[in-house]
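Here's a quick walk through a predicted model, with an eye on which side chains meet and where. Have the structure open while you read.

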Amino acid sequence: FGDEEDEEFDEQDSPISNLKALVAGIDWEISDESMGAFLREVSSLQKQYQDDKNLSMFLKLQEAIGKYIKAKKAKAHPDAIRFVVDVFKNFETVLMRTDMPENEKRRLVSSDIKKFKEFKQRVLKKGVADEQKAQASACSGKPGAVLDNQEALDYIVEELKKTIKSELQV
């Protein structure tokens with residue numbers, strides 16, 4: 001509110017303004033187009049910041065989670081979008097604060113790597129739990145919401161066996 005000039009970084013001149021807009025867009029809509037644009041922008045920035053290990057690591061995390069979201073779309077883990085936003089915020093902080101000590105930058109990167117590993121474990125556990133539910137559903141005679149080819153064949157064979165047995169008993 002003072003008469004001081006605002007020396008803040010001009011967002012329109014920011015090399016990451018496109019990525020920022022894409023991250024905000026992902027929060028609203030996950031589509032092949034938006035995820036493709038996000039991954040292209042991340043790839044472009046990876047080339048631009050390849051000499052900075054910290055920034056490069058943030059971008060690799062963004063790429064990994066972006067590929068996951070693009071593959072899973074609406075079935076992606078609920079924390080995936082939040083993770084993209086959090087990693088972007090730390091990336092932006094490290095990029096914009098040129099006076100930030102190197103150990104603080106590494107701490108932020110390490111923190112996000114740790115969160116990524118934890119997220120990956122949650123996704124794997126969820127995937128195993130979903131697979132077990134589908135198998136249990138197939139065994140109980142109830143079709144799962146989504147069956148892969150082998151599960152579908154196994155389900156059909158089991159249903160045919162049940163039908164034949166019941167016909168023979170009659």
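Phe 88 and Phe 91 sit about one helical turn from each other, because they are three residues apart in helix 4. Helices here are DSSP runs of H or I with at least four residues, strands are E runs of at least two, and both are numbered from the N terminus. Both of these Phe residues are buried, where buried means under 20% relative accessible area, exposed means over 50%, and partly exposed is anything in between (1.4 Å probe, protein chains only).

A word on ground rules: this is a predicted model, so local features need pLDDT of at least 70 and side-chain atom pairs count only at pLDDT 80 or more, while totals for chains, interfaces and linings use all residues. Residues are numbered from 1 along each chain as its sequence is written, and side-chain values use heavy atoms, with hydrogens and water left out.

**Aromatic pairs**

Rings of Phe, Tyr and Trp (its six-membered ring) count as a pair if their centres lie within 6.5 Å; planes under 30 degrees apart are stacked, over 60 edge-to-face, and the rest tilted. That rule gives six aromatic pairs. One of them is Phe 83 with Phe 116, a tilted pair at 5.9 Å centre to centre and 35° between the planes. It links distant parts of the chain, as Phe 83 is in helix 4 (residues 79–96) and Phe 116 is in helix 5 (residues 102–139), 33 residues apart. Both Phe 83 and Phe 116 are buried. Back to Phe 88 and Phe 91: their ring centres are 6.4 Å apart with the planes at 45°, so that pair is tilted too. Which residues do ring pairs link into a cluster? They are Tyr 49, Phe 58, Phe 88 and Phe 91.

**Salt bridges**

For a salt bridge, a side-chain nitrogen of Lys or Arg has to be within 4 Å of a carboxyl oxygen of Asp or Glu. The count comes to six, and the table has some of them.

| Salt bridge | N to O distance |
|---|---|
| Lys 20 and Glu 92 | 3.1 Å |
| Asp 32 and Lys 73 | 3.0 Å |
| Lys 67 and Glu 63 | 3.6 Å |

Lys 20 is in helix 1 and Glu 92 in helix 4, so their bridge ties together parts 72 residues apart in sequence. Lys 20 itself is partly exposed, at 28% relative accessibility. Asp 32, in helix 2 (residues 32–48), reaches Lys 73 in the loop between helix 3 (53–72) and helix 4, 41 residues apart. Asp 32 is partly exposed at 40%, and Lys 73 is partly exposed with a relative accessible area of 34%. Lys 67 and Glu 63 both lie in helix 3, four residues apart, about one turn of the helix. Glu 63 is partly exposed at 24%. There's also a network of salt bridges that links Asp 79, Arg 82 and Arg 122.

Asp 27, found in helix 1 (residues 17–28), is exposed, with a relative accessible area of 51%. Its C-alpha atom is 9.9 Å from that of Ala 80, 53 residues away along the chain.

**The whole chain**

Zooming out, the protein chain has six helices and zero strands. Buried residues make up 33% of its 170 residues. Among contacts (heavy atoms within 4.5 Å) with a separation of 6 or more, 60% are between residues 24 or more positions apart.
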